[in-house]
Amino acid sequence: MRSVCRAVASGALALSLTTAGVSGAGDALAAPAPSPTPTASPSSGSTAGATPTPAASATPTPGVDAQLPAGAGEQPALTPAQLSSQIAAADRLRAGLIASSAKVATATARIDRLSGQSATVLAQLSVARRAEAAARAEALRQLQRFRSLDAAMQADQDSVGRWAHDAYVNGGPLADYMTFMQVLSTPDPEQAADPMAILQYVAAARGRALDRLQGLTAAQQDAADRAEKAGRDAIAAAARIQAAKARLDTLLVQQRAALADLRQSQADQLLAAGSVRGALLRSHDPEARAADSRLAQALQTQGTQVFGDPGTPCHASTATYPNGQIPALALCPLYAAPGKGLRPAAAAAFNAMSRAYEKETGSPLCVTDAYRSLAGQVAVAKSRPGFAAVPGTSNHGLGLAVDLCGGVQSFGSSAHWWMQTHAPLYGWFHPAWAEPTGVLPEPWHWEFAQ
């Protein structure tokens with residue numbers, strides 16, 4: 001599936017190079033004796049941003065070949081020697097492209113593998129962070145419960161303490177018990193009936209106080225145990241977060257390096273191809289056209305990759321809110337997506353990614369949905385029963401998910417493949433459940449690892 005999308009993307013790129021070569025031919029042939037040597041590749045110190053893209057090419061003129069028939073004389077023609085030199089250069093470049101196809105395939109496969117690993121680690125990181133947050137919230141809840149029980153137990157302890165002190169110092173209820181025992185020793189059951197009831201009442205009251213105190217003590221111990229366990233869970237989750245972040249950092253460095261190597265190799269080839277193809281297309285010579293056709297076929301195996309910085313949030317708030325209840329001021333707008341917003345870090349990363357996509361394709365990422373309020377989740381659940389998340393549980397309600405269009409919504413498209421290979425660089429991933437083999441395939445749904 002990915003090979004199909006790469007072929008689609010590469011075909012579009014090769015077409016753009018064809019038109020770019022046509023439009024730039026005037027410059028290539030303006031001098032009476034153009035150099036037969038292809039344009040030099042950029043130096044090793046050049047940046048990835050120097051790679052030419054279809055959007056950066058001059059706008060091609062439709063039907064330009066038909067307007068310049070051979071021998072028309074509007075532009076200087078190549079001499080036979082120059083034409084032979086350009087054809088030879090094209091064939092050498094084609095041979096180099098064919099020889100490097102294995103390298104490109106290997107680099108592309110490595111990028112696919114790294115992007116898949118990055119997405120997996122991002123998903124693990126997201127789960128670990130949520131587990132840590134839940135564990136810390138549980139620890140706090142149990143601590144509050146412990147303190148509440150402690151206050152209740154303190155009150156009962158004071159009551160039992162006063163009873164014991166009164167009995168020890170003043171005789172208190174114990175003196176009453178002695179009287180009750182004396183009364184109960186009388187042989188007349190009727191005389192003993194009322195004192196017996198009183199004794200039972202007093203004993204029951206004191207027993208209830210002691211039982212309640214014991215229950216509070218047990219509950220308080222349970223709260224302490226639960227708080228301790230939640231604390232251990234939070235520490236374990238934090239350790240998993242650190243391990244996942246370290247692994248992710250390593251993967252992203254490797255992925256960026258792989259993308260940079262592939263892009264630089266392609267940049268070198270495309271710069272040379274642009275100059276050669278421009279000359280060949282302007283010559284209108286059948287042999288030149290044949291050489292250009294061979295070169296175009298070789299170029300169809302090539303593609304381009306770009307990536308950028310993580311972006312800057314519109315504000316620094318990190319406050320948390322219940323699912324679907326995030327206030328508008330706590331969200332940040334999405335680039336070229338009016339009315340759509342996400343949490344600050346997610347929005348910043350998405351906007352950087354969208355601008356990188358726009359730089360390569362000419363259009364920003366297309367967004368159909370981002371943050372979704374609780375009411376919005378209810379509406380979606382009603383419109384898609386059995387498919388939408390239970391209201392109050394959707395990642396859209398956390399401001400950490402988007403639904404995309406513009407081609408991304410189709411598995412196997414070049415836009416979807418671009419997201420697969422680039423999204424992890426910006427902290428975004430495609431969850432396993434939404435994959436083609438997942439429980440609910442949704443190519444358009446992407447999530448941010450908070």
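A: Start with Arg384, which is partly exposed in this predicted model.

Q: Why is Arg384 called partly exposed?
A: Its relative accessible area is 33%.

Q: What makes Glu442 and Arg384 a salt bridge?
A: Their side chains meet at 3.7 Å, N to O. The cut-off is within 4 Å, so the pair counts. Glu442 sits in the loop between strand E5 and strand E6, and Arg384 in the loop between H9 and E4, so the pair ties together parts 58 residues apart in sequence.

Q: Is Glu442 buried or exposed?
A: Glu442 has 7% relative accessibility, so it counts as buried. Buried means under 20%.

Q: How do you know that Asp403 forms a salt bridge with Arg372?
A: The closest N and O atoms are 3.5 Å apart. That value is set against a limit of 4 Å, so the pair qualifies. Asp403 is in strand E4, and Arg372 is in the loop between strand E3 and helix H9. Asp403 counts as buried at 10% relative accessibility. Arg372 counts as buried at 12%.

Q: Why is the contact between Asp91 and Arg294 called a salt bridge?
A: Their closest N and O atoms are 3.0 Å apart. The rule asks for within 4 Å, so the name holds. Asp91 lies in helix H4 and Arg294 in helix H7, so the pair ties together parts 203 residues apart in sequence.

Q: How many salt bridges does this rule give?
A: The count comes to ten.

Conventions:
Residues numbered from 1 in each chain as written. Predicted model: local features only at pLDDT ≥ 70, side-chain atom pairs only at ≥ 80, totals over all residues. Heavy atoms only, no water. Helix = DSSP H or I, 4+ residues; strand = E, 2+ residues; numbered from the N terminus. Buried < 20%, exposed > 50% of the residue type's maximum accessible area, 1.4 Å probe, protein only.
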